[in-house]
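Here is a short briefing on one protein model. Please keep the sequence and the 3D view open while reading.

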Amino acid sequence: MGWYDAFRTTKINYFLINIGIALAPLIYLYVKSVTTSNFKFKKGHWWHFALAIGFVVYRFSIYTYDALQPGFNETQNGVLKISLDEEYILSIMSYIEPPFMLLYLAFTFQLFYSYRKKIIQYFSNTYKLELNWILTFLVLFSILFLYGTIQDIIGSRFIELGYQERWWLNLLVAMITLFVGIKGYFTDTTKLNKLDFSFSPKTIGIPEETDNIEHKSVSEEDITTVNHLMVDQKAYLNPELNLSDLAKMANMTRGQLSETINSGFNKNFNDFVNGYRVEAFKNMLKENKQQQLSLLGIAQECGFNSKATFNRVFKKLTSFSPTEYLKTQLK
């Protein structure tokens, strides 16, 4: 862009730092703050930024040293910038930065999917809590990370890439970073702030093959109590029903209720509650309620609170879409 020709004594090279070594842990902590109730930044979290802070201190140190050397004002790069930074440190950082960012991306994906597994043990309607925009951001960021790595390999081993070829990556990273910031700012996470996963049910998820798995025995009384709440009191009709609510109704702890549902009914909380909602939907179709309400209206009467959740759950539990199922009933 002509910067170095116009400003031949610029010292900007001392302050060109790859923000990825700070951005990667920042993204990890941001996702952790969103998916962890009442998250607070603690002193120990500063260690995530040790590499970034250390590099900034190092750059200011060599700048300070070079600035004290004779003739520094008439040159672009001082003695340490040339003999130490460009000769050794930049090369070393090119090997450190990619695995460092990859490691944090892996931690962030693990954190996100762990959260996804937990909410199906806690909420019956999860669509608004799935934070799909975070997943979109992580996928896009991973693609750009891969693109940047390939770009660096090509630039260092095959053909020299100038600023005009490289600036697209900077633009795209800035855009998706702004996306997650704006989306996160306007997303209501009030429910998540009150969420507490401190209980530890033995079974977090029910595997597909359960014949050879030993489950902790639960009492028939607990199973009967929970079944009564769902069949007779129709607790599933509450679209905001969660594990804490049902545990209070059953006079159980959350861990006890979770174990009862997982082991006694062989389902996670989400599938357990939504199974009753799907059956209620089917019964309303048998009563020809579709002549008075839309399919979504019937679903809402049965406890679903979003079209996306209803369609996905119905397809999962019946192998039909709601419309396809209705057609089979009308034949």
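Predicted model: local features only at pLDDT ≥ 70, side-chain atom pairs only at ≥ 80, totals over all residues.

Residues are numbered from 1 along each chain as its sequence is written, and side-chain values use heavy atoms, with hydrogens and water left out.

**Salt bridges**

- The whole structure holds 7 salt bridges (a side-chain nitrogen of Lys or Arg within 4 Å of a carboxyl oxygen of Asp or Glu).
- Arg-59, Lys-81, Asp-85 and Glu-86 are joined in a salt-bridge network.
- Within it, Lys-81 pairs with Glu-86 at 3.3 Å, N to O.
- Lys-81 is buried at 1% relative accessible area, while Glu-86 is partly exposed at 38% (buried is under 20% relative accessible area, exposed over 50%, partly exposed in between, with a 1.4 Å probe and protein chains only).

**A link across the sequence**

- Arg-312 and Glu-130 form a salt bridge, with their closest N and O atoms 2.4 Å apart.
- Arg-312 sits in helix H13 (residues 307-318) and Glu-130 in the loop between helix H4 (79-119) and helix H5 (132-157), so the pair ties together parts 182 residues apart in sequence.
- Helices are DSSP runs of H or I with at least four residues, strands are runs of E with at least two, and both are numbered from the N terminus.
- Arg-312 is partly exposed at 41% relative accessibility, whereas Glu-130 is buried at 7%.

**A pair within one helix**

- Glu-279 bridges to Lys-282, the closest N and O atoms being 3.4 Å apart.
- The two are 3 residues apart in helix H11 (residues 269-286), about one helical turn.
- An α-helix has 3.6 residues a turn, so residues three or four places apart point the same way.
- Glu-279 is partly exposed at 41%, but Lys-282 is buried at 17%.

**Helix H2**

- The 16 residues of H2 (residues 20-35) should span 22 Å at 1.5 Å a residue, and the end C-alpha atoms are 22 Å apart, which agrees.
- The expected span is 1.5 Å times one less than the number of residues.
- Buried residues of H2 include Ile-21, Leu-23, Ile-27, Tyr-28 and Val-31.

**Record annotations**

- An unreviewed UniProt entry annotates "transmembrane region" at residues 12-31, 46-68, 88-109, 129-147 and 167-186.
- UniProt positions follow the numbering used here, feature names are shortened, and annotations may be inferred rather than shown by experiment.
- Residues 46-68 are 78% helix and 0% strand, with end C-alpha atoms 31 Å apart.
- Residues 129-147 are 84% helix and 0% strand, with end C-alpha atoms 30 Å apart.
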